[in-house]
Amino acid sequence: MNTSFTKPKNSKAAEIIRQVLLSKFFPFVTMAVVILCYYLSLDIVTICYLGIAGILILLFLDDVSPIVTIMLFMNVIISWKNSPASGRGESDYFFRPEILAPLIIIVTLLIASLVYRLVITCVRKKFKLDPVFFGLCVFSVALLLNGAGNKNYTFFNLLYAVILALLFLGLFAVLKDNVTADRCSYERICYSFVAFGLLLIIELAVLYATKDAIFAGGTIDRNQIVFGWGVYTTYGALLTMCIPAAFYLAYAKKFGFVYTLISVIMLVALIFSCCRQAMVCAAVIYPVCTVMLLVKGNDKIANLCIFAASLIGVIVVTGLFQDKVIDFFKTIYSNIVVNGELYGSGRMELWRQAIRDFKSFPLFGRGFYNIKPDTDFSYTPIPMDMAHNTILEMMSACGIIGLLGYALHRVQTFICFFKNPTTERTFIALIVASLLINSLLDNHILNIIPTMVYSLLIAVLVKGQSKNASR
């Protein structure tokens, strides 16, 4: 395999690096390293490992799709002990000079590697313009204009918009001509998601086994489902994205029923995460994946047996513990309606406020940040209002311009997929759909790391839109 890093491309060391990074075992080794460092609170080791692996991928591989492993595990690098978040570790770990220095070096080198890869792509005339790229250009301009004209406009509006534009457009520009759309790439991506899903399952199981407060009051208290890197809502969204990947491997691999079983375990973990939007998303995604697997996949009898056994297990458990099961779901969905009015954990008020903001600032929105002169900075240094719905967020923060920019991008991604709707691309699209569905009830798509994963998956879909794309 050729490499974009010219000098050592023929060395034996370079070949070993390529074989390791392209191996299906790489995501699982990464999982082991990350989970070990999480419980040992060695966050900087995780950061250095992921950063160095990411740099090597960008320098040594023609197909940089394995970088999805780095992006996924970046979500879970912060341990409980070292978390700076309020209510968790509240640690100064990431502000200590001995931690901050290597962190800055790793991030700088990683960004430099991305820039280098883009430059090399352009120099070698591999960079190709396509409608999705131009659509993302329009969307990025709309993001940069957020809050224009609002008297409370602040530098943070521009800063956050630049970050989002770099993630949506800049990262896509680097990746779209440096990924391949063959079966090996699809499998590598899905192995990464499955490894990541297994880590999430392990961390949730350990939490349930070690935190008695979860069962306070005779039922599950979902407010206790908190990790150093996030809470149950983040957990549910991330795990939902892993389900289509498990189904794809169940479809593509020999003895794929093993991955079917993993998908069932993922679904159980998702329910026990108590994340409602993830449950809603899974209610859509899981049946679609199941039908596709039973129609397209091999091992139909084994897969049917797993699904049948799972269904029987649900019926038996529900029958034996009917009261507890009912109490569980009653507790989880208890505040959807409050005093006869749709409440949904305060989301209805967030959505109403987003509509009010849109009416007040219809063209460019009120901005991602609406910092008023009397803002209290003692709680958080950068108060940011999120509508917990991608469409309403675009309306509120970026107005008509942002909404049109996002709509253009979304239409283009639909067109891109339907140009060549293969089974492989469908499962990748379902991973994207999982993120987008969850983002209708939260703000995941506008969080930095999930947006990075999104950009890579869109790049893969764009690369595979030609019917002549290699299989």
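**A buried residue, a patch and a helix pair**

Modeller: Let's start with Asp43, which counts as buried because its relative accessibility is 0%, under the 20% cut-off. Keep in mind that this is a predicted model.

Colleague: Where is the place of Asp43?
Modeller: Asp43 belongs to helix α3, residues 43-60.

Colleague: And which residues does Asp43 touch, not counting those up to four places away in sequence?
Modeller: With those left out, Asp43 touches Cys37, Ile77, Ile78, Ser79, Asn82, Tyr93 and Phe94. As for Phe95, 52 residues from Asp43 along the chain, the two C-alpha atoms are separated by 13 Å.

Colleague: Okay, switching to the surface. Which residues form the nonpolar patch?
Modeller: Leu144, Tyr153, Phe155, Leu158, Leu159, Val162 and Leu166 form it, and together they have about 600 Å² of accessible area.

Colleague: Which helix gives the most to the patch?
Modeller: That's helix α7, residues 155-175, with 5 residues.

Colleague: What about Leu144, where does that sit?
Modeller: Leu144 is in helix α6, residues 131-144. Leu144 is partly exposed, since its relative accessible area is 32%.

Colleague: Nice. How do α6 and α15 pack?
Modeller: Helix α15 covers residues 390-418, and α6 packs with α15 at an angle of about 170°, the axes being 8 Å apart. The two helices α6 and α15 are therefore roughly antiparallel to each other.

Colleague: Which residues of α6 meet α15?
Modeller: On the α6 side they include Pro131, Gly135, Phe139 and Leu143, and among their partners in α15 are Met394, Gly402, Tyr406 and Cys416.

Note on methods
Residues numbered from 1 in each chain as written. Predicted model: local features only at pLDDT ≥ 70, side-chain atom pairs only at ≥ 80, totals over all residues. Heavy atoms only, no water. Patch = residues over 30% accessible without salt bridge, like charges linked within 9 Å, V, L, I, M, F, W, Y side chains within 5 Å. Areas by Shrake-Rupley, 256 points an atom, 1.4 Å probe, with all protein chains shown as cover. Salt bridge = Lys/Arg side-chain N within 4 Å of Asp/Glu carboxyl O. Helix = DSSP H or I, 4+ residues; strand = E, 2+ residues; numbered from the N terminus. Buried < 20%, exposed > 50% of the residue type's maximum accessible area, 1.4 Å probe, protein only. Axes fitted to C-alpha atoms, helices over the stretch in contact; angles between N-to-C directions. Parallel < 35°, antiparallel > 145°, perpendicular 65-115°, else oblique. Contact = heavy atoms within 4.5 Å.
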